[in-house]
Amino acid sequence: MSLLTLKGVRTNYGPIEALRGVDVEVNQGEIVTLIGANGAGKSTLLMTICGQPRPSAGTITYEGRVINDLPPHETAKLGIAQVPEGRRIFPRMTVFENLQLGATLADPQHFETDLAYCLDLFPILKQRRDQRAGTLSGGEQQMLAISRALMGRPRLLLLDEPSLGLAPLIIRRIFDVIADLNRTRGMTILLVEQNAYHALKLAHRAYVLQQGLVVMQGGGKELLANPEVRAAYLEGGAH
Amino acid sequence: MTTQTLTHRAPALLKDAAVAALLALVLSIPFIGLYTANSDQGQGLAVLSRWHWVGYVVAIVFVGRLLFSLAGDALARRRMRNAGKKPLVSIAMGHTLGRAFIVLALLFAVTLPFMPYSDRYVLDLGMTVLIYIMLAMGLNVTVGLAGLLDLGFVAFYAIGAYTFALMSTVFGLGFWICLPLSGLVAAAFGVLLSLPILRLRGDYLAIVTLGFGEITRIVLLNWQSLTGGPNGVSGIPRPTLFGMSFDRRPPEGLSSFHEVTGIEFSSEHRLMFLYFIILGLVLLASWVVWKLRRLPIGRSWEALREDEIACRSLGINPTASKVSAYATGALLGGFAGCFFAARQGFVSPESFGFIESALILAIVVLGGMGSQVGVVIASLFIVLLPEFAREFADYRMLLFGAAMILIMVWRPGGLLSNREPTLKLSSLKGAGP
């Protein structure tokens with residue numbers, strides 16, 4: 001069943017067209033990956049789904065409802081959680097307060113269970129609980145950002161370059177958790193990545209974005225084996 | 001090693017001081033070296049010179065700048081030495097100290113009017129401090145918690161004051177009815193101001209809020225028919241206690257405090273009463289803000305200050321947060337204004353210039369953005385320092401400015417820059433390391 005459908009979505013920044021008619025579909029329980037070079041429009045696509053900026057044409061349908069004109073805090077209420085690029089945790093607040101803010105939209109009765117779940121997912125956060133989030137390492141901040149999004153009990157998780165600026169070992173840990181979230185909780189995930197190898201390996205389906213257009217799509221493993229994809233995004237990349 | 005670095009740095013420091021001295025020389029030739037006096041011939045002005053003064057100034061600047069740099073170096077070295085060491089005051093100890101300070105300050109504030117040394121002057125000063133605490137608490141919500149700069153906060157203070165002044169003189173309403181009204185009117189203007197600035201930040205926000213403050217003052221100054229223009233509004237009635245007036249001969253229809261209670265009349269009772277009103281207001285305000293910080297609305301303010309984009313993705317409506325932050329800040333400013341009008345019995349636009357906005361902002365920044373205890377300490381400092389420095393007469397404001405600079409150099413994040421978490425986890429004890 002399709003959870004999120006984008007049809008002919010265009011997004012402009014003034015005269016610049018960042019997305020030029022994109023069709024993307026995310027089904028319930030899938031991990032879908034978007035890969036592409038810098039400036040291909042990956043982040044714009046995620047942000048357009050969230051509602052800032054708004055698409056200039058096309059439709060975004062979520063659970064059968066057109067959400068083109070909803071602002072970000074409204075799409076969040078529908079269960080779409082974004083882990084923004086660059087993590088964007090609240091640096092002067094403690095880890096615990098960050099998680100608490102993540103639960104803004106969730107029913108308070110789930111708070112304890114969700115908190116325990118997140119702290120189990122990333123045990124390091126347990127130790128850092130009352131520490132200021134700004135003092136965490138990059139990897140820990142990414143873990144916090146993901147946990148914070150999970151505290152809102154989303155039905156669709158949008159991840160914008162979770163591997164950005166992290167060490168290979170931490171990247172592996174983050175991707176393991178993403179796969180695990182999908183497997184054990186059935187979480188639907190739309191993942192935007194530069195790190196094509198890891199991202200394609202765990203994706204059910206994937207899209208390749210180039211200059212605001214989808215130029216290729218298919219199963220994750222399938223694209224991983226594709227010579228063109230290998231040449232453009234993988235050769236010499238992180239394996 | 002210290003002397004080694006010093007000799008190493010000496011040329012740079014001397015050069016720096018020389019540049020400062022040169023600048024002083026250039027500036028002081030026209031400003032200090034030349035002056036005008038009535039000429040001996042009786043008619044017109046003559047331009048005279050006093051070059052030795054220029055010499056003094058240049059010398060002072062040279063030595064001062066050199067000492068300043070040396071002090072900065074010493075501070076930096078000490079900081080480096082202390083880098084690995086444990087802080088002098090641990091977080092837990094800081095917490096206890098904070099508690100102790102609050103209790104002591106409260107005791108002091110409550111007993112102040114009954115102290116033998118408390119005369120008119122002390123009570124008046126106490127009230128001024130409390131008004132500034134109230135104002136700074138309001139601005140602390142907007143600037144400290146929500147991170148929205150406001151250079152025109154005095155507008156809400158003025159609106160609160162004029163609301164009471166006009167309501168009482170035109171409609172004959174009393175202080176206790178006008179107090180909430182003033183707050184609400186100010187809050188309404190807070191909402192009004194927040195609408196055009198939803199998309200602005202940083203410098204732009206500063207300019208718009210500055211404009212708002214000035215517009216308010218200029219409207220008050222020029223709307224002669226309503227506000228009386230520069231003459232202001234006078235004859236504002238004094239607050240009453242359950243219908244009892246504190247005047248020797250109460251106005252018609254009111255009983256007087258000394259007759260009802262049988263306590264001998266003293267004009268100081270009125271001051272004590274006013275003092276307790278503003279003390280009560282400040283306590284109420286600080287309690288409310290303290291409480292708000294722990295509610296979703298207060299947390300959303302702080303989240304907004306930290307990262308607006310993240311806020312949105314978590315479902316926090318930034319518009320609602322901003323509007324409510326401005327309204328809450330304005331509400332407290334309005335209360336302070338209402339009390340100010342009641343204390344003075346007279347309001348005029350002169351009391352609400354930009355310097356007031358700047359002072360209130362200075363209190364918030366000096367105290368450490370968002371810190372309520374910091375606001376109290378900084379208010380005491382800002383109001384009392386110029387008073388203690390009265391002996392220095394003309395140099396009083398100079399000292400005041402210098403003290404502010406020193407504090408900001410010493411504690412760049414404000415006096416209390418450590419943000420207190422709103423909540424610690426107690427239900428999951430034992431889950432930690």
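This is a predicted model: local features need pLDDT of at least 70, side-chain atom pairs count only at pLDDT 80 or more; totals for chains, interfaces and linings use all residues.

Reply: The open sheet in chain A is built from six strands, which follow the order β6-β7-β8-β3-β9-β10 with mixed pairing. At its edges stand β6 (80-83) and β10 (213-219) of chain A, and because each has a single partner strand, one side of each is left without a neighbour in the sheet. On average, and with direction ignored, neighbouring strands of this sheet are turned by 15° against each other.

Within that order, β3 (residues 31-36) and β8 (residues 188-193) of chain A are joined in the parallel sense over five bridges, and V32(A) has L190(A) in β8(A) as its bridge partner. Helix α7 of chain A, which spans residues 168-185, lies across this pair and also across β7 (156-160) of chain A, running at about 160° to β8(A).

For the separate set, β1 (residues 2-13) and β4 (residues 57-62) of chain A pair in the antiparallel sense over five bridges, with K7(A) having T59(A) in β4(A) as its bridge partner. Strand β4(A) is also joined by two bridges to β5 (residues 65-66) of chain A, again in an antiparallel arrangement, and here T61(A) has V66(A) as its bridge partner in β5(A). The hairpin of β4(A) and β5(A) has two residues between the strands, and E63(A) takes a positive phi near 50° in this hairpin.

Note on methods:
Residues are numbered from 1 along each chain as its sequence is written. Chains are lettered from A and ligands numbered from 1 in the order in which they are written. Two strands pair if DSSP finds at least two bridges between them. Helices (H or I, at least four residues) and strands (E, at least two) are DSSP runs, numbered from the N terminus. Axes are lines fitted to C-alpha atoms, for helices over the stretch in contact, and angles run from 0 to 180 degrees between N-to-C directions. Two residues are in contact if their C-beta atoms, placed from the backbone, lie within 7 Å.
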